[in-house]
Amino acid sequence: MSSEEAAPGTARFHHIIPGLIPEIESLTEALRGWADRHGIPARMINSIVLMLDELLTNVVMHGYGDDDSGEIEVTVLATTNGLEVIIRDSATTFDPFSIAEPDTTLDVDERDIGGLGVHFVRKMADSFAYRRDGDINEVRFSKSFPS
């Protein structure tokens, strides 16, 4: 399910997908089409898609696990300054700020497994936040348009 709305200076992408890995690609294809229609630079949307792919994969694999009945809601808001992304799901509680940042100075063989995706989003996004709203995880991140 998806919808688009436009207001002066803003555009909105909204999509709900089943919490399954193959669905992530259909969402990112729809997002790329929306971005193209709204004149959002390809480089900008490529960054958003990379971050979304990492975060949505984590929701599916670690949040829902074997539960294939979950859904993920993604909203992207285009403003005059950039893009804001909101991901909502009813998977198990996971606060991405509860994990320590990986030590990237260590050799690959010495590093703990996991945590690099969240680290990647922390470094790439201009803002990154998490909150639990009742039974819902909500992750927000933003990326500013290049000046």
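## Strand pairing around E4

Isoleucine 86 has arginine 140 in E6 as its bridge partner. E4 and E6 pair in the antiparallel sense over 8 bridges; strands count as paired if DSSP finds at least two bridges between them. Strands (E, at least two residues) and helices (H or I, at least four) are DSSP runs, numbered from the N terminus.

This is a predicted model, in which local features need pLDDT of at least 70 and side-chain atom pairs count only at pLDDT 80 or more, while totals for chains, interfaces and linings use all residues. Residues are numbered from 1 along each chain as its sequence is written, and side-chain values use heavy atoms, with hydrogens and water left out.

E4 also runs antiparallel to E3, joined by 7 bridges. The two form a hairpin with 3 residues between them, and valine 74 stands opposite isoleucine 87 in E4. Of the 8 residues of E4, 6 are buried (under 20% relative accessible area; exposed is over 50%, partly exposed in between; 1.4 Å probe, protein chains only).

Not counting residues up to four places away in sequence, leucine 52 touches Leu27, Leu31, Thr57, Val74, Val85, Ile87 and Phe141. Contact here means heavy atoms within 4.5 Å.

## Aromatic pair

The structure holds 1 aromatic pair. Phenylalanine 13 and tryptophan 34 form this pair, with 5.8 Å centre to centre and 55° between the planes, a tilted arrangement. Rings of Phe, Tyr and Trp (its six-membered ring) pair if their centres lie within 6.5 Å; planes under 30 degrees apart count as stacked, over 60 as edge-to-face and the rest as tilted. Phenylalanine 13 lies in strand E2 and tryptophan 34 in helix H1, 21 residues apart. Both residues are buried.

## Helix H1

The buried residues of H1 are Ile24, Leu27, Thr28, Leu31, Trp34 and Ala35. Viewed down the axis of H1, these fall within an arc of 120°, so they line one face of the helix; the arc is that of the directions from the helix axis to the C-beta atoms. On the other side of H1, Pro22, Glu25, Glu29, Asp36 and Arg37 are exposed. Glycine 39, with a positive phi near 70°, follows H1.
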